[in-house]
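Have the structure open while you read.

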Amino acid sequence: MKIKLADHGRSFATRARADEILAALPKGRTPKVVVDMDGASVTPSFLAQLLSGLSPHTGHIVVVVESADVTRLVESLSQHLGLSQTVRVEPPVPA
Amino acid sequence: MRVAAPETVREAIDLDFLARASAARTSLDVDLGELRWVSPLGIVALLATCLSRRDREIRVTLPRDPGVRRYLHQVGFAGELLREGWVHDGADTEVVPPDLKVCLPVTRLWTEFEVERAANALTEALNGRVAANLIDVVHRVAWELTNNAREHGSPCYVVVQPYTGRTSGTPGLFMAVADFGKGFARTLRHTLGRRLPDDEAIRKGFEEGVSGTADPHRGLGLRFVQQDVDAYDAQLTILSRRGFVTRERGVFHAELRARDFRGTVASVYFPHVLVNPPTAATSEDKA
């Protein structure tokens, strides 16, 4: 399953916004979720809620991130949320 | 209860005059007549204070200085007063649309939906005015501070404005958020098991895992704000009740003030982030 944040907007600020996106996803477990953050501005609160909400439904979350800042953010959050083994960061594939 | 602003309301320490406002029992008169210089931080603090007393009668006398009055319209402050019926001044009876030079005019945020809408508006406004990679940084800091204010405090006001650097010496972007909640010390008391002095409580709030909620997975937001402030040479100030904390060049300074501000005001100044700094039309320019 792939979540392209840019399909949902440009900026994502609140936990409630993450819940909205989570609620719109297909129900059930999936082996892998790819979260493409290209072109999206996110807050730590939004991202924490999104990753926490995804983790019960999958064993692998791949977050596609270009910037070093957001890469650090995802890695720190994953560690803090106890999701280091579940979340992996990857750079976008060049077009 | 009547409170009168000094000539300059620029820093958090200039907000002492608002400390008495919380004692207003029947009505609150805020006299801005002598005001000659006000920063965005002062503006959101003033509005949050009025909002906290909204069940009383509120009358705000606008500044006599025409330049400051004009700025208060441009930044959306006067419009908010008029919408709320808080203006005690016959000369300003029409809501003037905020100036587009202000990235995000004074905005009151009650709900998550309003936060998202404001976040989108700010992102749009920053496009082309702030280096692309810094839009994400400004977004993270502005809305993490806002989330904190709303979640642990109360409805809040936020404003984001470019500075020319004519007064401060450095062009940049200034943001301020103010709420009238219980402040850091009371919020953290439940999780820390004791009430820290206000200044120590603010410092503690930046430590990883320290949160006003009981959730062990929370308590990272301010840590990331600190990292962004340090990484981009920004300056952060937080006034929460009697606690006043600044962070600049990677160092915290904390002090316990005599006066009690009933709420929290946070501001961040990002220097050198504007692609084309403004040349006029901020309060800073008229100082």
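1. Start with B:Arg140, which makes a salt bridge to A:Asp69, with the closest N and O atoms 3.3 Å apart. (A salt bridge here is a side-chain nitrogen of Lys or Arg within 4 Å of a carboxyl oxygen of Asp or Glu.) The rule finds one salt bridge across the interface of chain A and chain B. H3(A) gives the most to the side of chain A that touches chain B, with six residues. Helices (H or I, at least four residues) and strands (E, at least two) are DSSP runs, numbered from the N terminus.

2. A word on ground rules: this is a predicted model, where local features need pLDDT of at least 70, side-chain atom pairs count only at pLDDT 80 or more, and totals for chains, interfaces and linings use all residues. Residues are numbered from 1 along each chain as its sequence is written, chains are lettered from A and ligands numbered from 1 in the order in which they are written, and side-chain values use heavy atoms, with hydrogens and water left out.

3. A:Asp69 also has a partner in its own chain: A:Arg72 forms a salt bridge with A:Asp69, at 2.7 Å between the closest N and O atoms. Both sit in helix H3 of chain A, three residues apart, or about one turn of the helix. A:Asp69 counts as buried at 16% relative accessibility, while A:Arg72 is partly exposed at 46%. (Buried means under 20% relative accessible area, exposed over 50%, partly exposed in between, with a 1.4 Å probe and protein chains only.) A:Asp69, A:Arg72, B:Arg140 and B:Asp228 are linked in a network of salt bridges.

4. How much area do chain A and chain B bury between them? About 2000 Å², with 54% of it on carbon and sulfur atoms. (Buried area is the accessible area, 1.4 Å probe, that two parts lose on being put together, summed over both.) In chain A, A:Ser11, A:Asp69 and A:His80 lose the most area to chain B, together 28% of what that side buries.

5. Elsewhere, look at B:Asp260 and B:Arg241, another salt bridge, with the closest N and O atoms 2.8 Å apart. B:Asp260 is in strand S10 (residues 251-271) of chain B and B:Arg241 in strand S9 (residues 235-248), so the pair ties together parts 19 residues apart in sequence. B:Arg241 counts as buried at 8% relative accessibility, whereas B:Asp260 is partly exposed at 22%.
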